Amino acid sequence: MVTRFKAGGPLGADARGFYDEHGFLILDGFASAAERSALLDRIDALVDGFETPHSRTVFGEHAGDRYFLESGDKVRFFFEQDAGGRPLRQALNKIGHALHDLDPVFDTFFHSGRFRQLARDLRLNAPRLLQSMVIFKQPGIGGAVNWHQDATFLRTEPESVTGFWIALEDATLENGCLQAIPGGHRGPLRQWFGRGEAAMLETRTLDDRPFEDADATPLEAEAGALIVLHGRAPHMSRRNLSAKSRCAVTLHVIDGEAAYPADNWLQRPADMPLRGF
Ligand code: FE2
């Protein structure tokens, strides 16, 4: 059973304890209705300002490597696999990955004192904002996200990545909410992802034990809820075959004092250093 906590004020010992034990934490009411609509309006404006490209880059497809690889310090648009000829706003899978630095509305939201306080309460050392995304999970076509751990994709030495996932719309089992394995963050990291030979993207197996669907716990989240995900927490989400959109924004932070290997997929130029909250 997933215990839910209320956002606002410092994190209590019970919430901290839940997070340490489970590797995730749901904080209801973290983002206000006004903040959600400001973000949703901004997303619409970003989409309106995006010139439809000749070829649409599907998130996770090899052909888009370069467009993806160079998106760490940009605001780029990635398409849903089954988007067909849908209008842009209904065809996107993600926008990423430097909204928190380049977009004033996202900058203001992610640099609010509440995130700073939450990072402090979670005892994150020297938190630096590394990556932000809009995740659309479009009605009818929103693709599944397979089991993974975020520490596979955003690597520091020692490991430090922590994810913040904020529901802009209700996320339910029906429209493909996050699902995680309670306590799974205490298990080993399964995969390595990064730049291999000639900077080509590579996935390497570190531990071949699979994550089991039977161990999944749905993390249903009302609009405005924030989910904290430990970097090793195994999580996934199913397709959204419903008629309801499930838009969320995410932020990943790392320890600014940890080493950041040059073979991470996400690289920032020297003139755009990572900032704290
Ligand atoms: Fe993830």
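This is a predicted model: local features need pLDDT of at least 70, side-chain atom pairs count only at pLDDT 80 or more; totals for chains, interfaces and linings use all residues.
Trainee: How do you know whether the chain agrees with a compact globule?

Mentor: Set its radius of gyration against the rule. For 277 residues, a compact globule would come out near 19 Å, and the chain has 18 Å, so the two agree. Along the principal axes, the C-alpha atoms fill a box of roughly 50 × 40 × 40 Å. Of the 277 residues, 55% count as buried. The chain exposes about 12300 Å², with carbon and sulfur atoms supplying 51% of that area.

Trainee: On to the metal. What makes His-148, Asp-150 and His-235 donors of the iron ion?

Mentor: Distance. The NE2 atoms of His-148 and His-235 and an OD atom of Asp-150 lie 2.1 to 2.2 Å from the iron ion. The cut-off for N, O and S atoms here is 2.8 Å, so they count as donors. Along the chain, their spacing reads H-x1-D-x84-H. His-148 is in strand E6 (residues 145–148) and His-235 in strand E13 (residues 235–237), so the pair ties together parts that are 87 residues apart in sequence.

Trainee: What about the loop between E8 and E9: why are Arg-190 and Leu-189 put in their class, buried or exposed?

Mentor: Same test. Arg-190 is in the loop between strand E8 (178–180) and strand E9 (191–195), and Leu-189 lies in that loop too. Arg-190 is at 12% and Leu-189 at 13%, so with the limit at 20% both are buried. Leaving aside neighbours within four places in sequence, the contacts of Arg-190 include Gln-149, Arg-204, Asp-207 and Phe-211. Those of Leu-189, counted that way, include Gln-149, Ala-151, Glu-159 and Arg-232.

Trainee: How do you know which side of helix H1 holds its buried residues?

Mentor: H1 covers residues 13–22, and its buried residues are Ala-15, Arg-16, Phe-18, Tyr-19 and His-22. They span an arc of only 160° around the axis, which puts them on the same side of H1. Ala-13 and Asp-14 are exposed on the other side. As a reminder, an α-helix has 3.6 residues a turn, so residues three or four places apart point the same way.

Trainee: What do the buried residues of H1 pack against?

Mentor: Strands E1 (4–6), E2 (24–28), E7 (162–167) and E12 (226–230), along with helix H7 (113–121). Just after H1, Gly-23 has a positive phi of about 90°.

Trainee: What makes a set of residues a nonpolar core, and how many residues does the largest one have?

Mentor: The members must be buried nonpolar residues joined through side-chain atoms within 4.5 Å. The largest such core has 60 residues, and Ile-43, Phe-115 and Phe-164 have the most contacts inside it. Helix H2 (residues 33–48) gives the largest share, five residues. Another core lies apart from it, with 13 residues, among them Leu-69, Val-161, Phe-193 and Leu-201. Going back to Phe-164, its contacts include Phe-115, Leu-226, Val-249 and Phe-277, not counting residues up to four places away in sequence.

Trainee: Which peptide bonds are called cis, and what are their omega values?

Mentor: The bond from Gly-96 to His-97 is cis, with omega near 10°, and His-97 is in strand E4 (residues 92–97). Glu-157 and Pro-158 are also joined by a cis bond, at about -5°. Pro-158 is in the loop between E6 and E7.

Trainee: And what makes Arg-123 and Ala-126 worth a look?

Mentor: Most residues other than glycine have a negative phi. Arg-123 has a positive phi of about 60°, and for Ala-126 phi is near 40°. Arg-123 sits in the loop between H7 and strand E5 (127–135), and Ala-126 is found in that loop as well. Exposed means over 50%, so Arg-123, at 64%, is exposed. Ala-126, at 17%, falls under 20% and is therefore buried.

Terms used. Residues are numbered from 1 along each chain as its sequence is written. Side-chain values use heavy atoms; hydrogens and water are left out. Buried means under 20% relative accessible area, exposed over 50%, partly exposed in between (1.4 Å probe, protein chains only). Helices (H or I, at least four residues) and strands (E, at least two) are DSSP runs, numbered from the N terminus. The arc is that of the directions from the helix axis to the C-beta atoms. Contact means heavy atoms within 4.5 Å. Donors are N, O and S atoms within 2.8 Å of the metal (3.2 Å for Na, K and Ca); water is not among the atoms, so sites may look incomplete. The radius of gyration is taken over C-alpha atoms; the globule rule is 2.2 Å times the number of residues to the power 0.38. Accessible areas come from the Shrake-Rupley method with a 1.4 Å probe; for residues, only the protein chains shown count as cover.
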